[in-house]
Structures are given as C-alpha cells and as structure tokens.
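Me: I would like a close look at one part of this model, and then at what surrounds that part.

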Amino acid sequence: MPLQIGDRAPDFTLPDQHGQDIRLSSYAGEKAVLLVFYPYAFTGVCTGELTGFRDRLGDFETDTTTLLGISCDSIYTQRAFADRDAVFFPLLSDFWPHGAVASAYGVLDEAEGCALRSSFVVGRDGLISWALHSERGEARDLELQAARLKQAG
C-alpha cells in the first residue's frame with residue numbers, strides 16, 4: 001500500500017544518472033521535493049512525462065522546491081535516457097537493491113520489477129503532503145503536480 005499524506009517519507013540515498021549520490025534528507029528544512037516514480041526509461045508515457053517536466057523545469061526547480069525522478073532502471077540506462085532527451089534534473093536509479101526505495105514508498109510492482117506511476121510531495125518537514133497514483137499507461141497532470149509542489153514550498 002502506498003504511503004499516505006502525513007506519513008514520514010523514508011529517507012534514501014540513490015545515485016543519479018551521473019553516478020552522484022542524492023540523499024532525500026539533504027533537502028530537509030530547505031526545499032519541498034516532488035518525487036516522481038516512473039516505470040521505465042525509453043517508454044512512451046514515461047518519455048512524454050519526463051520531457052514535460054524538462055520543458056517546465058522552472059515550475060518545479062525553484063529556491064524552495066525541487067524535482068527527483070526515480071525508476072528501477074540502472075544508472076547507465078538513466079544516463080542514456082537523460083542524454084538522449086536532454087533531461088537535466090536528477091533521474092535516480094533504484095536498481096540495487098532492486099526497487100528498495102519504491103518498495104519503501106509502497107509503489108513497487110513486484111511482478112514487473114518496476115516502480116508504479118506515482119508522485120509524492122515531501123515537505124520541508126519530511127512528511128508526505130500530497131500523493132498521486134496513475135495507471136501505467138496514463139500520464140500524470142503536470143499542472144496539478146506543479147501546483148501541489150508550489151503549495152508545499
């Protein structure tokens with residue numbers, strides 16, 4: 001079951017597409033974070049969503065907010081995807097132990113070995129202030145996510 005509003009967001013450290021470790025708790029007290037779990041790089045809906053975030057990055061990356069994409073793809077896959085589509089925000093690899101962070105947030109599809117299409121806003125206090133869960137083939141509303149993140153920031 002996915003984490004709920006008011007739950008403490010599990011801390012994690014994951015490598016981004018450049019191999020740099022990103023720790024969720026490093027944003028505590030400073031920025032609200034939009035965690036965007038997505039099933040697979042290089043797939044139609046995921047590509048559309050992530051390039052949509054890229055095109056509207058100023059709505060998500062501000063002095064008080066930030067955006068982190070997370071999938072169970074390897075850092076090499078994340079890097080190739082980011083390079084191909086000029087995605088400059090962090091794409092985190094939840095590859096090993098496979099899906100541990102997605103599982104901690106309750107959004108790991110164990111049968112498929114991928115994250116579900118879910119978003120969480122983690123406030124500066126480390127609590128989940130908003131969540132959205134979509135079907136695998138259904139793109140999330142970027143406007144709604146930007147508005148919820150701005151409210152938290």
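How close do the axes of helix H1 and helix H3 come, and at what angle do they cross?

Reply: This is a predicted model, in which local features need pLDDT of at least 70, side-chain atom pairs count only at pLDDT 80 or more, and totals for chains, interfaces and linings use all residues. Residues are numbered from 1 along each chain as its sequence is written, and side-chain values use heavy atoms, with hydrogens and water left out.

The axes of H1 (residues 44-55) and H3 (residues 75-85) come within 11 Å and cross at roughly 60 degrees. Helices here are DSSP runs of H or I with at least four residues, strands are runs of E with at least two, and both are numbered from the N terminus. Axes are lines fitted to C-alpha atoms, for helices over the stretch in contact, and angles run from 0 to 180 degrees between N-to-C directions. H1 and H3 are therefore oblique to each other; angles under 35 degrees count as roughly parallel, over 145 as roughly antiparallel, 65 to 115 as roughly perpendicular and the rest as oblique. The crossing of H1 past H3 is right-handed, that is, the near helix is turned clockwise from the far one by less than a right angle.

On the H1 side the contact (heavy atoms within 4.5 Å) is made by Thr47, Leu50, Thr51 and Arg54, and on the H3 side by Phe81, Arg84 and Asp85. By class, this contact has 2 nonpolar, 2 polar and 3 charged residues. Ala, Val, Leu, Ile, Met, Phe, Trp, Tyr, Cys and Pro count as nonpolar, Asp, Glu, Lys and Arg as charged, and the others, Gly among them, as polar.

H1 also has a link to a strand. Glu49 forms a salt bridge with Arg117, with the closest N and O atoms 2.7 Å apart; the term requires a side-chain nitrogen of Lys or Arg within 4 Å of a carboxyl oxygen of Asp or Glu. Glu49 lies in H1 and Arg117 in strand S8, so the pair ties together parts that are 68 residues apart in sequence. The whole structure has 11 salt bridges. In the loop between strand S3 (32-37) and H1 lies Phe42, whose phi is positive, near 65 degrees, although the residue is not glycine.

S8 belongs to an open sheet of 5 strands with mixed pairing, in the order S5-S4-S3-S8-S9. Two strands pair if DSSP finds at least two bridges between them. S5 and S9 are the edge strands, each pairing on one side only. S4 (residues 65-71) and S5 run parallel and are joined by 3 bridges, with Ile70 opposite Leu92 in S5. H3 packs on the sheet, where it touches S4 and S5, and its direction makes about 160 degrees with that of S5.

Ser119 has Leu132 in S9 as its bridge partner. The hairpin of S8 and S9 has 5 residues between the strands, and Gly126 there takes a positive phi near 85 degrees.
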